[in-house]
Amino acid sequence: LEQYRGQVMPRNAGLLPWYHSLDMKILQDFNVKVGKRTNNIQVSLDIFNLLNLINENSGKRKQLIMNNPIEAVVSGNQVTGYRYRTATDARGAYLPTSLFIDNIDYNTLWRMQLGLRYTF
């Protein structure tokens with residue numbers, strides 16, 4: 001944002017950092033003879049966000065530390081003004097060292113599932 005100070009910022013100049021994810025699926029079929037018929041057992045292994053399994057810094061989404069810096073000052077039932085919201089904790093105000101933090105949720109961490117299918 002600093003490079004556009006005093007100017008109109010171009011469209012899509014304030015995008016979030018790039019996010020990438022890679023999934024992997026491994027299938028293995030086993031034929032089993034039951035009586036005169038041949039049945040099939042299929043074992044599958046799905047790994048979601050494989051890059052995060054290999055390197056914990058890959059495959060993470062970033063989110064803004066503060067996406068709404070203006071807050072309303074309310075007195076009773078009326079808005080009496082607006083103020084700039086600072087990043088604060090229980091001990092007082094602090095300045096963030098980065099614009100983004102890691103968004104740690106179910107979709108950004110690696111996960112694995114094992115599947116079994118029997119066809120006859």
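A: Strand S5 gives the most to the nonpolar patch, with three residues. Strands here are DSSP runs of E with at least two residues, numbered from the N terminus. The model is predicted, so local features need pLDDT of at least 70 and side-chain atom pairs count only at pLDDT 80 or more, while totals for chains, interfaces and linings use all residues. Residues are numbered from 1 along each chain as its sequence is written, and side-chain values use heavy atoms, with hydrogens and water left out.

Now meet the members: the patch is formed by Ile70, Val74, Val79, Tyr82 and Tyr84, and together they have about 580 Å² of accessible area. That area comes from the Shrake-Rupley method with a 1.4 Å probe, and for residues only the protein chains shown count as cover. To join such a patch, a residue needs over 30% relative accessible area and no salt bridge, and nonpolar side chains (Val, Leu, Ile, Met, Phe, Trp, Tyr) are joined within 5 Å. A salt bridge is a side-chain nitrogen of Lys or Arg within 4 Å of a carboxyl oxygen of Asp or Glu.

Which elements give two or more residues to the patch? They are strand S4 (70–75) and strand S5 (78–84). Val74 counts as exposed because its relative accessibility is 54%; exposed means over 50%, buried under 20%, and partly exposed in between (1.4 Å probe, protein chains only).

Key
Patch = residues over 30% accessible without salt bridge, like charges linked within 9 Å, V, L, I, M, F, W, Y side chains within 5 Å. Helix = DSSP H or I, 4+ residues; strand = E, 2+ residues; numbered from the N terminus.
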